[in-house]
Amino acid sequence: MPQIFPPNANAFVRWALIGGGLFVGLLAVALPIYARTVNNAVGVPVAQPVDFPHNLHTAQLGIDCRFCHTSVEVAASANVPATETCMGCHSQIRVGDPMLAGVAASWDSGLPLEWNRVHDMADYVYFDHSAHINNGVGCSTCHGRVDQMTEIWKEEPLTMGWCLECHRAPERFVRPRSEVFNMAYVPPADQLTLGAELVATYHIDSDALPQCSTCHR
Ligand code: HEC
Ligand code: HEC
Ligand code: HEC
Ligand code: HEC
Ligand code: HEC
């Protein structure tokens with residue numbers, strides 16, 4: 001057998017393996033910390049100053065998303081509700097409950113609750129909720145089953161590649177406008193036919209969607 005590796009190759013490989021192992025170990029520790037602090041990772045629930053359960057308030061109590069996220073249909077950004085919105089009910093319901101202590105403290109002090117952001121895209125990307133809501137893109141397509149979540153997590157990566165999957169072929173995802181807030185919506189078997197019809201009906205500009213200037217302006 002010809003000697004392919006020099007005699008010290010074993011030692012090299014051993015050190016490379018140990019080094020690699022250490023590196024993987026470091027990543028295993030560092031990534032979840034990074035995920036929780038700098039950039040919220042997909043699927044990692046984000047803790048909040050008040051444990052506000054979306055599932056209870058939406059699926060069980062039947063409160064519409066727009067009751068709290070009032071600007072989602074009309075503005076680029078969806079708002080998070082003020083303490084006043086909570087107090088509309090919680091000035092009578094569960095008064096004095098420790099789970100609502102943060103809400104009560106905010107109401108008494110007049111200082112807003114400091115909700116932690118779950119989604120936060122880079123500033124060089126332009127995004128507009130109303131453009132999506134009014135063209136038949138459902139909340140659940142981008143945010144998942146919020147109506148089944150207690151703490152919210154990021155369901156999708158929000159990378160450029162992910163945005164483009166739809167911007168290159170919106171007919172794969174677009175639904176009737178009437179279904180945008182339906183969290184349990186399931187696309188029909190003939191989605192591509194329905195989608196193409198809706199893209200035409202809503203005058204969705206398929207040529208402009210994948211262009212750089214749509215999202216970077
Ligand atoms: C009773 C008020 C209320 C209702 C109804 C409600 N939300 Fe929220 N939502 C909140 C509050 C408060 C927060 C901030 C705390 C949090 O993230 O859990 C929030 C946060 C969110 C976030 C994360 C925002 C971020 O930081 O990126 C999403 C997404 C969201 N809501 C979607 C929905 C959808 C979809 C519906 C309807 C199915 C809905 N919400 C209904 C109050 C509400
Ligand atoms: C339309 C009325 C309504 C609004 C608005 C509302 N809630 Fe509630 N909330 C309820 C009801 C009803 C319950 C359940 C009471 C029960 O089961 O005893 C509840 C329960 C809760 C609980 C206890 C959850 C648990 O697991 O026991 C928390 C915390 C809470 N709400 C926070 C909030 C916050 C924060 C807001 C504002 C962003 C808000 N609520 C807005 C009606 C409302
Ligand atoms: C096409 C994908 C998409 C759809 C559809 C969508 N969202 Fe979002 N949502 C996002 C992105 C992306 C962000 C982060 C925006 C940012 O960081 O500037 C976001 C952020 C949010 C926030 C945090 C506040 C903000 O605007 O940054 C809330 C609340 C929210 N969405 C609620 C909703 C609700 C309610 C619906 C349905 C009515 C909905 N979203 C539909 C992609 C979407
Ligand atoms: C599931 C499909 C889908 C996803 C995912 C999606 N979009 Fe869109 N987007 C659309 C549709 C449909 C329109 C409406 C096009 C029109 O009005 O002609 C649109 C429009 C836009 C517009 C134009 C708004 C305006 O006022 O002109 C911007 C900006 C945009 N999207 C950014 C994004 C970004 C950034 C992401 C990823 C974070 C994203 N979109 C993810 C389907 C999607
Ligand atoms: C549908 C929306 C959309 C379109 C269209 C789009 N981008 Fe992006 N772009 C994004 C988002 C979202 C990010 C942020 C990615 C992240 O944070 O991971 C991004 C990030 C970038 C970055 C930063 C580096 C990186 O890869 O993250 C560059 C450079 C870039 N885009 C260039 C372009 C160019 C050039 C085009 C046209 C060929 C384009 N983009 C079209 C949404 C878009």
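**Exercise 1.** Determine whether His 69 is buried, partly exposed or exposed, and classify His 54 in the same way.

*Solution.* With a relative accessible area of 25%, His 69 is partly exposed, a class that lies between buried (under 20%) and exposed (over 50%), computed with a 1.4 Å probe on protein chains only. His 54, at 15% relative accessibility, counts as buried. The model is predicted, so local features need pLDDT of at least 70 and side-chain atom pairs pLDDT 80 or more, whereas totals for chains, interfaces and linings use all residues. Side-chain values use heavy atoms, without hydrogens and water, residues are numbered from 1 along each chain as its sequence is written, and chains are lettered from A and ligands numbered from 1 in the order in which they are written.

**Exercise 2.** Identify the residues that coordinate the iron atom of ligand 1, and state which parts of the chain they tie together.

*Solution.* The iron atom is coordinated at 2.0 Å by NE2 of His 54 and NE2 of His 69. His 54 belongs to helix α2 (residues 54-60) and His 69 to the loop between α3 (65-68) and α4 (83-90), so the pair ties together parts 15 residues apart in sequence; helices are DSSP runs (H or I, at least four residues), numbered from the N terminus.

**Exercise 3.** Find which side chains place an N or O atom at 2.8 Å and at 2.7 Å from a nitrogen atom of ligand 2.

*Solution.* For His 57 the distance is 2.8 Å, and for His 90 it is 2.7 Å. α2 and α4 are the elements that give two or more residues to the shell around ligand 2, and α4 gives the most, with four residues.

Notes. Donors are N, O and S atoms within 2.8 Å of the metal (3.2 Å for Na, K and Ca); water is not among the atoms, so sites may look incomplete. A polar contact is a pair of N or O atoms within 3.5 Å; within protein, one must be able to donate a hydrogen and the other to accept it, and residues adjacent in sequence count only if both atoms are side-chain atoms.
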